Amino acid sequence: MNSMTGYAYKEAVVEDTQISVEIRSVNSRFLDLNVNLPSFLNILESRIRKDVGQEVVRGKVDVSIRVRDLTSNAVIVADPKAALMYRDAFVSVAKALGKDAGDIPLELIIQQEGVLNVSHEYDVESYWQKIQTVFKPVFAQFVEDRKREGENLKVDLLHKLDVLDECASFFKEWQPRMEERFRENITKKFHELLEDHVDENKILEETASMLVKYTINEEIIRLHSHLVALRKEITDDPVPGKRIDFICQEANREINTIGSKNQFTEIGSMVVQAKDALENIREQSKNVE
């Protein structure tokens with residue numbers, strides 16, 4: 001089990017290139033991956049996405065990679081024809097204004113667009129090898145951070161599930177008492193209405209008929225089934241987040257029904273405890289991948 005939150009960062013110098021990699025993630029219903037690279041390395045984004053997608057299923061993940069060359073790879077090319085054209089243009093303007101052109105400052109000419117052209121030579125594959133040197137250990141640290149937090153979540157989820165198991169056992173233990181209380185109430189109402197003209201067989205028939213509707217036996221069976229499925233998801237499924245939420249919704253229906261049929265304060269208190277534990281599990285499932 002992995003948490004959807006994680007963080008890792010590293011900065012290093014690889015062959016005269018300073019590289020920093022930062023990976024962070026928060027909760028999300030699906031995998032929402034954002035890769036931030038220098039523009040000249042955007043072609044590498046698909047490779048980063050592939051590496052992340054092999055390990056991460058859910059979460060909003062931001063990968064930021066910064067690259068700075070400590071030695072210049074700039075290539076500067078001069079355009080003498082453009083320089084001459086600028087010089088002639090300056091002289092022409094000076095004459096038109098009745099000014100003495102004299103020697104046009106070199107600094108003025110080389111500042112003009114197109115006189116000096118600067119370009120950079122980027123070997124993308126070379127940068128990819130350098131980036132991987134930093135990215136791989138950072139990503140491994142990020143995955144481990146999510147796993148460590150996920151194990152903590154797993155412990156908490158299983159603890160809450162133990163509480164739910166205790167509640168389910170309590171409901172099962174008290175089920176006969178609920179049915180007996182229901183029989184007593186039915187008998188009492190018959191006697192109040194009919195006094196001495198009560199047909200005991202009629203009471204038994206009505207009680208049996210009403211118990212079919214008001215017993216919590218089926219709810220207890222289904223609740224137990226949901227809790228077994230929930231424990232299996234938590235312990236066996238590496239990415240159980242969505243399933244946990246779904247099973248919790250189903251279990252909540254059974255607990256609500258038990259609460260609606262309840263006639264004992266003790267059971268009412270246990271229903272509140274069960275709903276609280278279940279809500280905690282649902283909230284935690286939002287942090288689980």
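1. One caution before going on: what you have on screen is a predicted model.

2. So how do you describe a pair like this? Two packed helices are described by the angle between their axes and the distance between the axes. Here, H7 covers residues 241-261 and H8 covers residues 265-285. Their packing angle is about 165°, and the axes lie 9 Å apart. That makes H7 roughly antiparallel to H8, since an angle over 145 degrees counts as roughly antiparallel.

3. Which residues make the contact between H7 and H8? On the H7 side, the list includes Gly 241, Ile 244, Cys 248, Ala 251, Ile 255, Ile 258 and Gly 259. Among their partners in H8 are Ile 267, Val 271, Ala 274, Leu 278, Ile 281 and Ser 285.

4. Is Ser 260 buried or exposed? Ser 260 is exposed, with a relative accessible area of 58%, and the cut-off for calling a residue exposed is over 50%.

5. Next, helix H6, which runs over residues 217-236 and has 20 residues. From its first C-alpha to its last, H6 reaches 29 Å, close to the 28 Å expected at 1.5 Å a residue. Its buried residues are Glu 219, Ile 220, Leu 223, His 226, Leu 227, Leu 230, Glu 233 and Ile 234. They cover an arc of only 145° around the axis, so they end up on the same side of H6. Over on the other side of H6, you'll find Glu 218, Ile 221, Lys 232 and Asp 236 exposed.

6. Last, check the loop between strand S1 (6-14) and strand S2 (17-26), where Glu 15 is found. Glu 15 isn't a glycine, yet its phi is positive, at about 50°. This residue, Glu 15, is exposed, with a relative accessible area of 62%.

7. Asp 16 is found in the loop between S1 and S2 too. Its phi is near 65°, again a positive value in a residue other than glycine. How exposed is Asp 16? Asp 16 is partly exposed, with a relative accessible area of 44%.

Definitions and conventions: Residues numbered from 1 in each chain as written. Predicted model: local features only at pLDDT ≥ 70, side-chain atom pairs only at ≥ 80, totals over all residues. Heavy atoms only, no water. Helix = DSSP H or I, 4+ residues; strand = E, 2+ residues; numbered from the N terminus. Expected span 1.5 Å × (residues − 1). Buried < 20%, exposed > 50% of the residue type's maximum accessible area, 1.4 Å probe, protein only. Arc of directions from axis to C-beta. Axes fitted to C-alpha atoms, helices over the stretch in contact; angles between N-to-C directions. Parallel < 35°, antiparallel > 145°, perpendicular 65-115°, else oblique. Contact = heavy atoms within 4.5 Å.
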